[in-house]
Amino acid sequence: MSGGEQKPERYYVGVDVGTGSVRAALVDQSGVLLAFADQPIKKWEPQFNHHEQSSEDIWAACCVVTKKVVQGIDLNQIRGLGFDATCSLVVLDKQFHPLPVNHEEDSHRNVIMWLDHRAVSQVNRINETKHSVLQYVGGVMSVEMQAPKLLWLKENLRETCWDKAGHFFDLPDFLSWKATGVTARSLCSLVCKWTYSAERGWDDSFWKMIGLEDFVADNYSKIGNQVLPPGASLGNGLTPEAARDLGLLPGIAVAASLIDAHAGGLGVIGADVKGHGLVCEGQPVTSRLAVICGTSSCHMGISKDPIFVPGVWGPYFSAMVPGFWLNEGGQSVTGKLIDHMVEGHAAFPELQVKATARCQSVYAYLNSHLDLIKKAQPVGFLTVDLHVWPDFHGNRSPLADLTLKGMVTGLKLSQDLDDLAILYLATVQAIALGTRFIIEAMEAAGHSISTLFLCGGLSKNPLFVQMHADVTGMPVVLSQEVESVLVGAAILGACASGDFASVQVCWGESRGPRQ
Ligand SMILES: Nc1ncnc2c1ncn2[C@@H]1O[C@H](COP(=O)(O)OP(=O)(O)O)[C@@H](O)[C@H]1O
Ligand SMILES: O=C(CO)[C@H](O)[C@H](O)COP(=O)(O)O
């Protein structure tokens with residue numbers, strides 16, 4: 001954000017709800033992050049491929065982190081609040097109380113998480129319809145989107161959930177409703193996960209064809225019939241009740257939200273790169289690919305005209321950057337896969353002890369261990385006979401095949417720390433190769449990408465970043481501000497406050513690359 005004529009003492013709060021934790025930041029008018037706080041959130045996996053959360057637990061965590069980042073600040077200086085979150089499905093009854101999304105009837109667990117794969121039969125039937133809305137999700141709907149999950153609820157929890165439900169929210173929209181009482185949905189969520197079209201609105205024939213004609217009959221009141229662009233100001237701003245919860249003043253501007261990957265994309269894709277000798281300097285913003293790497297990785301490329309990439313979500317109009325089409329490639333598990341491989345290895349307890357003794361994270365320890373054992377070779381050569389296929393949770397892009405599984409070839413009869421380090425390296429390489437596979441599919445369809453902009457938890461791992469550069473052959477830019485997703489959320493708040501005319505105006509010089 002670049003302030004221009006505004007006074008310097010205006011602040012914005014961004015709240016980012018990831019898969020594993022909630023983060024908040026206080027950001028100034030120049031986009032500089034002044035305070036940061038995070039808080040883990042609960043997750044349940046009551047059975048394989050069922051992943052649930054609690055919207056009350058998530059809101060409570062939002063309140064804890066927001067209170068922390070505004071400590072010591074004159075609350076009158078806080079002008080706007082923006083939320084982003086994972087695209088999980090929140091279910092509330094007609095009085096806005098949580099409803100259970102499980103057979104146990106535990107209403108605390110009222111969120112079907114984005115990575116939940118329970119609705120396989122439902123998504124297969126949806127894809128068999130070959131309905132035209134599927135063209136706008138890469139040709140194949142993902143089990144991680146909302147329509148199959150809604151159909152699963154109707155077919156499996158009719159009495160305990162479906163019949164009682166009054167409101168189905170994408171998690172980012174739930175948060176903005178909780179803050180303002182306004183049920184308007186963000187165009188970002190509805191376009192990307194719910195088949196809404198920015199140009200044509202809802203398609204009645206789709207919902208009727210898949211057996212969810214209920215939504216058409218009540219004019220989409222349960223899933224959203226008022227739609228606003230991300231960054232638009234909601235109602236009268238923060239309600240007195242939400243203000244008390246969050247430790248802010250009532251009435252401050254609250255923005256229509258973004259999905260987390262889109263907030264990260266917004267936070268990095270417009271960075272000013274002048275003077276860094278980067279190939280993308282002087283090239284259009286469409287030559288950049290934002291890669292948001294957390295539990296999953298999301299590959300966000302924008303274009304002036306719609307580009308249809310088989311197996312890559314979109315094209316979505318105005319879902320991330322207003323006026324641009326978005327294609328969203330993805331890998332359903334990346335950080336989660338690395339954690340899974342490392343934590344499941346027989347040498348993990350030894351790794352923990354050694355990393356703790358050096359006051360390092362296990363990943364910093366593994367990276368230095370790889371440096372030690374590579375000897376004179378480049379580190380990548382350590383895996384010449386060990387290979388990982390990373391689709392342990394199916395392939396989101398570009399194969400769009402949820403049935404795919406993971407694979408490791410080249411295992412030996414030893415399981416020492418060297419083996420663990422090399423398996424970790426092979427996993428990171430496999431993820432980077434998956435990114436290259438997605439880029440190749442996007443380029444074959446018409447994108448022209450020259451530079452990667454990485455953010456999210458995994459961008460803090462130098463090995464992960466280096467492997468993405470090596471494997472794609474492209475420069476990787478890291479934003480000066482490590483918490484770029486939160487900057488994206490704060491940009492929404494800044495935009496809603498009216499201090500900035502649009503989210504693009506917030507892209508400014510202070511948000512250039514790291515030196
Ligand atoms: N400093 C770090 N070094 C290596 N990996 C990291 C680091 N920080 C976070 N990660 C990894 O990033 C992933 C989580 O990223 P994050 O963006 O916090 O996820 P989410 O938004 O999905 O909650 C985890 O797999 C974690 O191990
Ligand atoms: O589908 C997505 C974005 O469209 C993301 O994968 C999902 O929101 C989870 O994000 P994260 O891995 O950062 O927790």
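In this predicted model, a backbone N or O atom of Gly20 lies 3.1 Å from an oxygen atom of ligand 1, a polar contact being a pair of N or O atoms within 3.5 Å. A backbone N or O atom of Thr19 lies 3.1 Å from an oxygen atom of ligand 1 as well. The side chain of Asp339 also takes part, with an N or O atom 3.0 Å from an oxygen atom of the ligand. On its own, ligand 1 has 570 Å² of accessible area, and the protein covers 74% of that area; such areas come from the Shrake-Rupley method with a 1.4 Å probe. Strand S2 (21–28) and helix H10 (335–343) are the elements that give two or more residues to the shell around ligand 1. Helices (H or I, at least four residues) and strands (E, at least two) are DSSP runs, numbered from the N terminus.

The shell around ligand 1 holds 15 residues, of which Thr19, Arg23, Thr295, Asp339 and Gly457 come nearest; a residue is near a molecule if one of its heavy atoms lies within 4 Å of it. Two of the shell residues are nonpolar, ten are polar and three are charged. In this classification Ala, Val, Leu, Ile, Met, Phe, Trp, Tyr, Cys and Pro count as nonpolar, Asp, Glu, Lys and Arg as charged, and the others, Gly among them, as polar. Domain 1 (11–259 + 484–508) and domain 2 (273–478) each supply at least three residues to the shell around ligand 1, the domain bounds coming from an automatic or database domain assignment.

Ligand 2 is likewise surrounded by 15 residues, the closest being Thr19, Lys193, Asp260, Ser296 and Glu328. An N or O atom in the side chain of Thr19 is 2.5 Å from an oxygen atom of ligand 2. Polar backbone atoms contribute too: that of Cys87 is 3.4 Å from an oxygen atom of the ligand, and that of Thr295 is 3.3 Å from one. The protein covers 95% of the 370 Å² of accessible area that ligand 2 has on its own. Helix H9 (residues 260–269) provides the largest share of this shell, three residues. By class, the shell around ligand 2 has six nonpolar, five polar and four charged residues. Ligand 2 lies between domain 1 and domain 2, because both give residues to its shell.

Helix H3 (residues 146–156) is largely enclosed by the rest of the structure, because nine of its eleven residues are buried. Among the buried residues of H3 are Pro148, Trp152 and Lys154. Buried means under 20% relative accessible area, exposed over 50%, and partly exposed in between (1.4 Å probe, protein chains only).

Some backbone features stand out. The peptide bond from Gly314 to Pro315 is cis, with omega near 5°, and Pro315 is found in strand S15 (residues 313–317). In the loop between S15 and strand S16 (325–331), Ser318 has a positive phi near 60°; this residue counts as buried because its relative accessibility is 14%. A cis peptide bond also joins Ser397 to Pro398, with omega near -5°. Pro398 belongs to the loop between strand S17 (387–389) and strand S18 (407–409). Ala400 is placed in the loop between S17 and S18 and has a positive phi near 50°.

Residues are numbered from 1 along each chain as its sequence is written, while chains are lettered from A and ligands numbered from 1 in the order in which they are written. Local features need pLDDT of at least 70, side-chain atom pairs count only at pLDDT 80 or more, and totals for chains, interfaces and linings use all residues, whereas side-chain values use heavy atoms, with hydrogens and water left out.

Definitions and conventions. Polar contact = N/O pair within 3.5 Å; in protein donor to acceptor, adjacent residues only side chain to side chain.
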